[in-house]
Amino acid sequence: MSNLDKALAIAKLGIKVLPVKGFDTADPKAPYLSNGCSGASTDEQTIIGWWTKNPNALVGYTGMVVLDIDKGHDSGKDGFYSLDENGIEIPPTFSYRSNSGGEHHIYKAVDYYLGQMVYRDWETDRKSTRL
């Protein structure tokens with residue numbers, strides 16, 4: 001699945017996406033958009049235009065928390081094994097395989113207030129979708 005296909009699939013869920021720079025650039029994961037994350041969109045034609053201009057762009061999104069499970073990096077660590085060994089089950093949600101062979105599990109970010117502090121947490125959507 002191409003990054004454009006991932007971006008379109010995520011946008012169809014109502015999640016705003018934007019193109020971000022890859023690891024082969026001087027500023028990895030920085031937005032290509034001049035207005036940064038505030039320019040994120042769910043509009044299909046806008047997204048296609050972005051990836052036509054930057055076909056190697058990674059997919060960034062706003063208002064979400066991503067559980068990035070790595071596997072097979074140079075360190076030899078396996079995030080799936082670590083989760084399993086510690087008895088941690090991942091709540092079902094929209095997820096897809098990352099370019100490195102791991103997985104990205106996406107959850108809606110939720111703000112909650114405690115006194116004057118704002119905390120960001122994640123909320124699960126029990127309707128699991130896998131690409």
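Tutor: Keep in mind that this is a predicted model. The largest pocket has a volume of about 550 Å³.

Student: How many residues line the largest pocket, and which lie nearest its centre?
Tutor: The lining has 21 residues. Phe-23, Lys-29, Leu-58, Asp-68 and His-104 lie nearest the centre.

Student: Which elements give two or more residues to that lining?
Tutor: Helix H1, strand S2 (58-61) and strand S3 (64-69) do. S2 gives the largest share, with four residues.

Student: And by class, what is in the lining?
Tutor: Eight residues are nonpolar, nine are polar and four are charged.

Student: New topic, helix packing. At what angle do H1 and H2 pack?
Tutor: H1 covers residues 3-12 and H2 covers residues 44-53. They pack at about 160 degrees, and their axes are 10 Å apart.

Student: How are they oriented to each other, then?
Tutor: Angles over 145 degrees count as roughly antiparallel, so H1 and H2 are roughly antiparallel.

Student: Is the crossing left-handed or right-handed?
Tutor: H1 and H2 cross in a right-handed way.

Student: Which residues make the contact?
Tutor: From H1, Asn-3, Leu-4, Ala-7, Leu-8 and Ala-11. From H2, Glu-44, Ile-47, Ile-48 and Trp-51.

Student: What classes do those contact residues fall into?
Tutor: Seven are nonpolar, one is polar and one is charged.

Notes:
Residues are numbered from 1 along each chain as its sequence is written. This is a predicted model: local features need pLDDT of at least 70, side-chain atom pairs count only at pLDDT 80 or more; totals for chains, interfaces and linings use all residues. Side-chain values use heavy atoms; hydrogens and water are left out. Axes are lines fitted to C-alpha atoms, for helices over the stretch in contact, and angles run from 0 to 180 degrees between N-to-C directions. Angles under 35 degrees count as roughly parallel, over 145 as roughly antiparallel, 65 to 115 as roughly perpendicular and the rest as oblique. A crossing is left-handed if the near helix is turned anticlockwise from the far one by less than a right angle, and right-handed if clockwise. Contact means heavy atoms within 4.5 Å. Ala, Val, Leu, Ile, Met, Phe, Trp, Tyr, Cys and Pro count as nonpolar, Asp, Glu, Lys and Arg as charged, and the others, Gly among them, as polar. On a 1 Å grid over the protein atoms alone, a cavity is a set of points where a 1.4 Å probe fits but cannot get out, and a pocket is an open set with protein on both sides within 12 Å along at least five of seven lines; lining residues have an atom within 4 Å of a point. Grid points are joined across faces, edges and corners, and a volume is the space filled by probe spheres set on the points.
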